[in-house]
Amino acid sequence: MKHHIENLIASALAGLEATGALPPAHGAAITVDHTKSKEHGDFACNIARVLAKHAHAKPRELAEKIVKALPASEKISKVEIAGPGFINFFLGADANHGVIREILDQRERFGRSRLGAGRKVQMEFVSANPTGPLHVGHGRGAAYGATLANLLDAAGFNVHREYYINDAGRQMDILATSVWLRYLELCGEKFDFPVNGYKGDYVYDIGATLHRENGDKYRHAATRVFEKIPLDEPKGGDKETHIDALIERAKSLLGADAYRKVFDLGLNVILDDIRQDLEEFGVTYDQWFSERALVEDGAANRAIERLKKSGHVYEKEGALWFRSTDYGDEKDRVVVRENGQKTYFAHDIAYHMDKLERGFDRVIDIWGADHHGYVPRIKAALAAIGDDPERLHVLLVQFAILYKGGERMQMSTRSGEFVTLRELRREVGNDAARFFYVLRKCEQHMDFDLDLAKSQSNDNPVFYVQYAHARIHSVFRQMKEKGFAHDPANGDRNLARLTEPHERALIERLARYPEVIEAAATTFEPHQVAYYLRELAYDFHTYYGAHTFLVDDAAVRDARLNLVVAARQVIANGLKLLGVSAPETM
RNA sequence: GCGCCCGUAGCUCAGUUGGAUAGAGCACCAGCCUUCUAAGCUGGUGGUCGCAGGUUCGACUCCUGCCGGGCGCGCCA
């Protein structure tokens, strides 16, 4: 409808230009907007105000000329000039009736578009370190990423979903060492657990598995393990050097093969847990991309070679630096450390290089907001090796701050004191969690009040939307009990009988669904869909309250049933995008 | 100190990319179930859009400066 009106205006302007009433080549974009108030019709256009200066005319006079030049349209019942030169369009009563037919015809395909034209988009999200279970902060990235992926898919993009596994790095070594130390405790060894080790219960469990399956095979005396290890923090030492020394000790005592076994046990147990957690949350991936595999494949070395060739690399104090300041970063960054080890950054350059080489038109990273300082350097690296940094979109998701009993909760994987995504899902359910998470745009800080989510879960808007869906199913159950049958063809012939204001409002809302999907996809804002669904549910519930659908007049009844089936379809389509179920009963 | 994000009703947040009188939900008040599910509907109370300037026909929206909150500024990942 929007496009229809835009076309009418475009041809009016062309007509005016042809007669010389308007100077040509104005170059202004025609925008038609939905009005806020019905007083101003259904759509409004401000083109007369925009072009007034260019045409050396008063906005109202120009508006009158444009209106006179408008081609006739059977969908428009009235055109008015209002205020200081807005052109308001009033739709005919049946202008949108065709959308009901469209929805019933296209069913789950309704709302999909070809906006993306099949362009390939790679999306990476969550990618939490496999050092512990996902917590509620990861849940937000998961819900947001999965929903955005669904949206882009619906908008006609070819979406590839990916999880980057940080399985090469110090954090993983700390985990492996923590697991081994817990194992040693189970073997009967006595020592103080390092403050910088992972202390969650799951580390204990993995240590227990190691013990159950291998007995004392990996046991070493505590005195030997801690021999000449620098003191830990509580004893006046440094916790970082303490844990690093323990990692080296684990590697040397166990040997490369055994260490890798312990390491992989921890990695696999936690990764399986994460994978299952996400799957239950309706979040699935096309690929789980291993950092370790990338490095072992030599990709990091190749990335560094490419950087070197670009001439933006230099040596200083024994380390290899990337001069990211050449591309606007605030300081240069190390890619190879003094000790010869490559940094996480070097690996990440290799990973992003790999993404772009795989032929994606667009690469989207969804990161926690704490990584925002990281964006300029990764873009700098891509620019240095001759890739287009504009192809990379980094979306930063702000933290979800948890409150319980009015108090802010600390979330730290290391301390093991955090609310896991799994706990949250159990408390409020998958549907409410998915919906709640995408109710805010990603740059908005989110207060997640656990007590509220628990105690007032009935007030969660997700139930309101689901209830509308279930109610429509209920109407059909009642229909059968009353001995009626739905004749969609008859309903289709009688769509003109849908003249009530509630019906017009509902139909208009349904007609907007495709616009909402496109807008949400292009702005990366899934919350628009959530808000739309709530409004759609409101339109339905008020309609339901004001009119009976199962009336004796078959023409009206069938037309109304066509309408509510269409509403049910759009609700189901929208909920599907959000990863929320559409129940038939509640 | 520098950088990113946020500041809209008592609370949690929208605001169609600069348009007409700033909107929801929750909470609070008053009504509506022998009639398609009351997880619903109808009405009401509630705002100096953080503050001060600027840009223009027009600013919650764009620019500048303050104030307040969150996060980040490693040869960690």
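Helix α20 (residues 527–546) packs with helix α21 (residues 554–578) at an angle of about 155°, and their axes lie 10 Å apart. Angles over 145 degrees count as roughly antiparallel, so α20 is roughly antiparallel to α21. The crossing of the two helices, α20 and α21, is left-handed. On the α20 side, the contact is made by V529, A530, Y532, L533, L536, F540 and Y543. Helix α21 contributes R560, L563, V564, A567, V570, I571, G574, L575 and L578.

These values come from a predicted model. Chain A averages a pLDDT of 91. A score of at least 70 is reached by 95% of the residues. For the complex, the predictor gives an ipTM of 0.96 and a pTM of 0.94.

The helix pair belongs to a chain with 21 helices and 15 strands. Chain A has 586 residues, and 51% of them count as buried. Its C-alpha trace spans about 90 × 65 × 40 Å along the principal axes. Contacts were also sorted by separation in sequence. Among those in chain A between residues at least 6 apart, 73% join residues at least 24 apart.

Cysteines were examined next. The structure holds 0 disulfides. C45 has a relative accessible area of 0% and is buried. C187 has a relative accessibility of 9%. The cut-off for buried is under 20% relative accessible area, so C187 also counts as buried.

Definitions and conventions: Residues numbered from 1 in each chain as written. Chains lettered and ligands numbered in written order. Predicted model: local features only at pLDDT ≥ 70, side-chain atom pairs only at ≥ 80, totals over all residues. Heavy atoms only, no water. pLDDT = per-residue confidence, 0-100. Disulfide = S-S within 2.5 Å. Buried < 20%, exposed > 50% of the residue type's maximum accessible area, 1.4 Å probe, protein only. Axes fitted to C-alpha atoms, helices over the stretch in contact; angles between N-to-C directions. Helix = DSSP H or I, 4+ residues; strand = E, 2+ residues; numbered from the N terminus. Parallel < 35°, antiparallel > 145°, perpendicular 65-115°, else oblique. Left-handed = near helix turned anticlockwise from the far one by under 90°. Contact = heavy atoms within 4.5 Å.
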